[in-house]
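Visitor: Could you take me closely through one part of this model, the place where the two chains touch, and then follow the elements involved back into their own chain? I would like the criteria stated as you go.

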Amino acid sequence: MSIDPPTRPAPQRSTLIRLVLNSAPEEVRAAVQSVILQLDPVHLRPDERSTLELVLAEIVNNIAEHAYSGRPDGWIEISVRPQPDGISCRITDEGQAMPGGKLPSGLFQDLNVPTQDLPEGGFGWLLIKDLTRDLDYERRAGRNHLRFRMAIGGV
Amino acid sequence: MPLRQQKMGGALVLAVTDDRIDAVSSIRFKDEVAAAARGGPSQVVLDLSRVEFIDSSGLGAIVAVMKVLSPEQQLDLANLAPIVDKVFRLTRMDSVFAIYPDVQTAIRAHVD
């Protein structure tokens, strides 16, 4: 899905991308792709775009699956603000709070087991924690607020 | 999710023609790959060259496929795009699957 960066003026780095969606899987897919397409290709390398797409997809799918228990009509808001050295994201929903009021551990699972015992899930938070910075969760006024940053332009 | 099937050498090569294996498509993906691989030869190679995006549900679906194969069958992966490869490395699932740069290499590496 890589797009050749067209010749265009310097990126508007502080432009906020804001999107509201429902918690249906098809809508999650479309919303995350829409955010990624709105990001300036001059600003982000292809690998940074696909990493951000992965992180957003993991977070929002988790909200749909767990905070809204698979209900397709839950309210979710994604805000993405590109900055010179990174991308700041905030994702808000009105579903159930995280268990224990905190982020899941996202620990490695034991893979040295017979094939039949291999885990088929639990990889989402591992990826999210690995690929983000300053990941922060807060339950406030009946809403879940998740914030993170992703560094860009690094080597 | 259409799957292109091909016999190559002694192996069954299943090429995924969709560009995503994600929360929307993972269940269908799992069912279709499992149905195609069942009763097949000892090596099944999943050609992911067309796949540009995979998330944790897609990864889980590939693990699930491996579980429904017979004990004599092996599921190998080939042609991973950088982001797909990254998902396998970060979750350490690259230690569970044999991952090859292309289908030919996967088939040559297989010992019955």
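Guide: The contact draws on 24 residues of chain A and 23 residues of chain B, where two residues are in contact if their C-beta atoms, placed from the backbone, lie within 7 Å. This is a predicted model, in which local features need pLDDT of at least 70 and side-chain atom pairs count only at pLDDT 80 or more, while totals for chains, interfaces and linings use all residues. Residues are numbered from 1 along each chain as its sequence is written, and chains are lettered from A and ligands numbered from 1 in the order in which they are written.

On the side of chain A that touches chain B, the elements giving two or more residues are α1 (25-38), α2 (46-67) and α3 (124-131) of chain A; helices (H or I, at least four residues) and strands (E, at least two) are DSSP runs, numbered from the N terminus. The largest share of this side, seven residues, is supplied by α2(A). Sorted by class, the side of chain A that touches chain B holds eleven nonpolar, six polar and seven charged residues, with Ala, Val, Leu, Ile, Met, Phe, Trp, Tyr, Cys and Pro counted as nonpolar, Asp, Glu, Lys and Arg as charged, and the others, Gly among them, as polar.

In the contact between them, α1(A) contributes A:P25, A:V28, A:V32, A:V35 and A:I36, which meet residues of α2(A) including A:R49, A:L52, A:E53 and A:L56. By class, this contact of α1(A) with α2(A) has ten nonpolar, one polar and two charged residues.

Five strands form an open sheet in the order β1-β2-β3-β5-β4 (chain A), with antiparallel pairing; two strands pair if DSSP finds at least two bridges between them. β1 (17-22) and β4 (133-140) of chain A are the edge strands, each with a single partner, so one side of each is left without a neighbour in the sheet. Neighbouring strands of this sheet are turned by 15° against each other on average, direction ignored. β4(A) and strand β5 (residues 143-151) of chain A run antiparallel and are joined by six bridges, and A:R133 stands opposite A:R149 in β5(A). α1(A) packs on the sheet, where it touches β1 and β2 (75-83) of chain A, and its direction makes about 170° with that of β1(A).

Taken as a whole, chain A has three helices and five strands, which run β-α-α-β-β-α-β-β from the N terminus on. Its C-alpha atoms fill a box of roughly 50 × 40 × 30 Å, taken along the principal axes.

Technical notes:
Axes are lines fitted to C-alpha atoms, for helices over the stretch in contact, and angles run from 0 to 180 degrees between N-to-C directions.
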